[in-house]
Amino acid sequence: MQEKQNNITLKNYIDFTQLLQEYRGNHEENRLFALKHESLLKSPQSILLQWFRDNAFRVKEPLYSKTFLEHSFTALTILSFISFFLGLFTGIGLLSYSGATPVNIIYYLLFATFLPFISMVITLLSMITKDSSFSFFKGFFSWYWVEKLLKYFTLKEKFDWVDTYLSSDLQKWMGIYKLQRFSLLFSLGLMIALLFMVISQDIAFSWSTTLQISAETFHNFIEMLATPWESFFPSSVPSVELVELSQHYRLGEKLNYEMVNQANKLGAWWKYLAMATLFYAIFLRTILWLVSGYFFKKQLEKEFLSLNGTKQLLYEFNTPYVSTKAMTKENHLDIIEEENVPVKESVNSQYHSILGWNLSDNEMLLVNDSKKIQSSRIYSTGGNHSFEQDEVSASEAKGRVLLYVKAWEPPTMDFVDFLEILVENRDVFEVELFPLGTIENNYIRSEKELSIWKRKIEGLKFDKVWVIDA
Amino acid sequence: MHSDKNEKESSYPKFAVVGHPNKGKSSIVSSLALDDSVQIGDTPGTTQVKRSFPLIVDGKVIYELFDTPGFQRARRVLSWLKKQEPVSADKRSDVVRAFIFEHRDNEKFRDEVELLEPIVNGAGIIYVVDASKPYGVEYEVEMEILRWCGQPSMAILNLISEEDYREQWNNALGHYFRMVRTFNPIESTFREHLELLEGMSHLKEEWRRPIKFAITILEDLYQKKVEKSIDIIVDNIQKTLSFVYRLNVKGEKVTPEEEERAKIAYREQIIKFEIEQTKAIEAIWNHRSIEKIENILSLENVGLFSEESASIFGLSEKGLIITGASAGAITGVGVDLMFAGHTLFMASLIGGVVGGVGAMFGFNNLYEVKILGQSVGKRELTVGPMKNLNFPYVLLGRALYHNALIAKRSHALRGTLNLDKDTFFLEQLIGSDVRKKLEEVHLQLRKGKSLSEESIIEYKKVIRASFESLLD
């Protein structure tokens, strides 16, 4: 049952191709699927088929397989009937016996052995050739042209996708397989015709040829043809005497007297003809039919695994799904563009109070010295001071206040809290915020650093606070 | 029983990346999580809530990273904690937990609650500082709070700009953290990424195994990404070189307009193939939000056919002739080779059709233009496959260059992708002996023949070797 389920049919193949064009899942889903069917992972074909079965419902209508298989079935049925009846009528035609002249077995042998033999050789050549060489050989198959015409005149437009879906190799094996079936049915028709004619008439068989062939040579030839079955059914091979007896010359006014006298013996040829048909036209053809069916299946499996998308699926089945991404989407922050930032382009040399946020007393002394700025009240705030200490410093500040900040350290809410207290101090009528660069850079801050401070101050909307851009 | 299960489920390592605002926490997380969607900004407070970045393998979390907002009111937090003293060391993390509990709905401490919460829930601390700026005492408050949490911790020195104050920082951080590492998320290589993870595994004994497993997984994933991107490049080469554009012709003869239309359609399809390739490669390496420089050399416009790209991404005239002759390609297409060699260095390849320059050298020197089926009344104009000998190398050179840039690009980078190719020369990357192998495949494709599996494998090997040398 399991094995049957793992068989790839043409319908599966086409539906799977269509599914891959419409849906392939994602790595997470596919890996999860593979983990659920871990036992199938060893067989790519099995796991792909299982994936297909699980997702088959996603294939959107119209199903290409439905149209294609319906058409194929119709064409196959029609052509199968035609093949069978063509064989049947050919057989009846070849074996029609009026009693006036015997039936020449050479015509029948031509259809029962030589034509099948040649056709099988061409089939074998088609099997082993590819592309342009195959195109050459396939031209010899009459059924190929019949089917091509049928397709062209009936549903050509509906099958435009066939060349895209089915590779030339697959089409080749499909064609060869179908042609063997038609030929087999033709041969069966021929065989039934032979049996029917033998049963319904008393046929006198003969052989006749323009070539100067002796009965012995002809006997050798038919014996050679009978090699495959001679050993287990020797009575089917005509004796030399029968061959001699059944040689027929058309130019004789009347039938050979001896021939007429022994007409009952001439009918013995039918066993030979039946065996020739059975072996060459039916047995060998059946083998070829089965072989081409096998190779068609193998090709189907091969292409099933190499369809556009299967490689990715197998990769996703076999590769652990690794996710490093965030589980939640981030709400992006709207950046406030600076518009009316109160900016001072120079720094004064004298301030009522100087405060340094996250700067020590010594660091502030160095800045003041470097910038030639003076003040009687200097407070170090932030850093390792407590918030209560900063509150005291903010309340003691007066008049015009210079507030040093490290330009590279972006303003935190801790700073904003402190600035709020400073601004609320009624004795402070202006706060000039001075972002400083590092001492190594002579306190020169970068434009980017200044911009961050400007944006922050702009956002705070404090009337008293200015940013020094000097 | 139930709580045991929960404990087991959440026993994987967790790391909270914390620090002062704007010190590159999100960049580090973005780089470690290979996620270019993380918002990184120069405005403090860009990260407003903590975000979890788990490494999940087949649905199982191996470790989890938390990107957190920066400390905003660290002094007040520490002041609150200290007010609870005296507290023995083993109870200090409970005090931090109590702080979170008490201030969970307090907007004032939103950031601190966000950043401390994963830590008190067992996450290791990755404290990030900008070591390109001087150390400041204000950091000690933050470090003290983290010490109160009692979780294993390490510090990362991120060099955001060019100055280097690592010595100062090392002296200070050594008092608070067991391990101090330098990691630049913008410039770090994949190897450095893994080394940092390795370092993180040493924070706690029981984290070693899962992190080691994660490293194996990430290494494997990296190799698979390399393999996949090579597959995409080779598929595109095959598809492009064998591409034939077909146009049904209505009249008795092919009009110049029809021919022109077919040539343009051919060219557009080839550009489309390359755009698809670049997108697929960017998706493989998780770079979905890249902005690229939109100029003539951008891979997403007609740059494929520019004069410059032909000379830089392809082979030199000499190199091309050696390659062509050695692979036997010169026979039969000798004239093409001569013309193609000139067109390579004097004008654009196919872009000339649009620009008018190509007319000087003849369009047919590039690819075949055929009119089929005149005898049976059905006319079809075909353009392609590409016959120009240098074209596959141009395509290959551009693909390898783009792939290498993308593979090496940090997920923390938010700038425009610079496709400046001044230093890229395919000839130096692929030796003449190797080119012979490539040319054999190109020859098959130009003839419209399908390639054997062995030759594709061999071709991919060559491309992979060249690509890996670009990654080093």
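What share of the contacts in chain A with a separation of 6 or more is accounted for by residues 24 or more positions apart? In this predicted model, such residues account for 82% of those contacts in chain A, and the legends below go from the two chains to close-up views of their parts.

**Figure 1. The two chains of the predicted model, A and B, described by their secondary structure and burial.** Chain A comes to 21 helices and nine strands, and of its 470 residues 33% count as buried. Chain B has 18 helices and nine strands, and 43% of its 472 residues count as buried. In chain B, residues 24 or more positions apart account for 73% of the contacts with a separation of 6 or more.

**Figure 2. The side of chain B that touches chain A.** Here 40 residues of chain B are in contact with 36 residues of chain A. The elements of chain B that give two or more residues to this side are strand E2 (51-57), helix H3 (74-83), helix H6 (138-149) and helix H9 (208-241), and the largest share, seven residues, comes from E2(B). Sorted by class, this side of chain B has 17 nonpolar, eleven polar and twelve charged residues.

**Figure 3. An open sheet of six strands in chain A, with parallel pairing.** The order of the strands is E4-E9-E8-E7-E5-E6. Strand E4 (343-344) and strand E6 (374-381) of chain A stand at the edges, and because each has a single partner strand, one side of each is left without a neighbour in the sheet. Strand E7 (residues 399-406) and strand E8 (residues 428-436) of chain A pair in the parallel sense over eight bridges, with Leu402(A) opposite Glu432(A) in E8(A). Helix H18 (residues 361-371) of chain A lies across strand E5 (350-357), E6, E7 and E8 of that chain, and runs at about 145° to E6(A).

**Figure 4. The largest nonpolar core, and another core apart from it.** Of the 62 residues in the largest core, Ile105(A), Ala112(A), Leu273(A) and Ala276(A) touch the most other members, while the largest share of the core, 14 residues, comes from helix H16 (residues 269-305) of chain A. When its neighbours within four places in sequence are left aside, Ala112(A) is in contact with Leu190(A), Leu273(A), Ala276(A), Thr277(A), Tyr280(A) and Ala281(A). Apart from this core lies another, of 60 residues, among them Leu34(B), Leu78(B), Leu115(B) and Met200(B).

**Figure 5. Helix H2 of chain A and helix H10 of chain B.** Helix H2 (residues 10-22) of chain A has 13 residues and reaches 18 Å from its first C-alpha to its last, close to the 18 Å expected at 1.5 Å a residue; its buried residues include Tyr13(A), Phe16(A) and Leu19(A). Helix H10 (residues 256-284) of chain B has 29 residues and reaches 42 Å between its first and last C-alpha, close to the 42 Å expected at 1.5 Å a residue. Among the buried residues of H10(B) are Tyr266(B), Arg267(B), Ile270(B) and Ile281(B), and just after this helix Asn286(B) takes a positive phi of about 60°.

**Figure 6. Thr227(A), an exposed residue in helix H12 of chain A.** Thr227(A) lies in helix H12 (residues 227-230), and counts as exposed because it has 10 C-beta neighbours inside 10 Å, where the cut-off for an exposed residue is 12 or fewer. The C-alpha atoms of Thr227(A) and Arg426(A), which are 199 residues apart along the chain, are separated by 125 Å.

Notes. Residues are numbered from 1 along each chain as its sequence is written. Chains are lettered from A and ligands numbered from 1 in the order in which they are written. This is a predicted model: local features need pLDDT of at least 70, side-chain atom pairs count only at pLDDT 80 or more; totals for chains, interfaces and linings use all residues. Helices (H or I, at least four residues) and strands (E, at least two) are DSSP runs, numbered from the N terminus. A residue is buried if 20 or more other C-beta atoms lie within 10 Å of its own, exposed if 12 or fewer, and partly exposed in between; C-beta atoms are placed from the backbone. Two residues are in contact if their C-beta atoms, placed from the backbone, lie within 7 Å. Ala, Val, Leu, Ile, Met, Phe, Trp, Tyr, Cys and Pro count as nonpolar, Asp, Glu, Lys and Arg as charged, and the others, Gly among them, as polar. The expected span of a helix is 1.5 Å times one less than its number of residues. Two strands pair if DSSP finds at least two bridges between them. Axes are lines fitted to C-alpha atoms, for helices over the stretch in contact, and angles run from 0 to 180 degrees between N-to-C directions. A nonpolar core is a set of buried Ala, Val, Leu, Ile, Met, Phe, Trp, Tyr and Cys residues joined through C-beta atoms within 7 Å.
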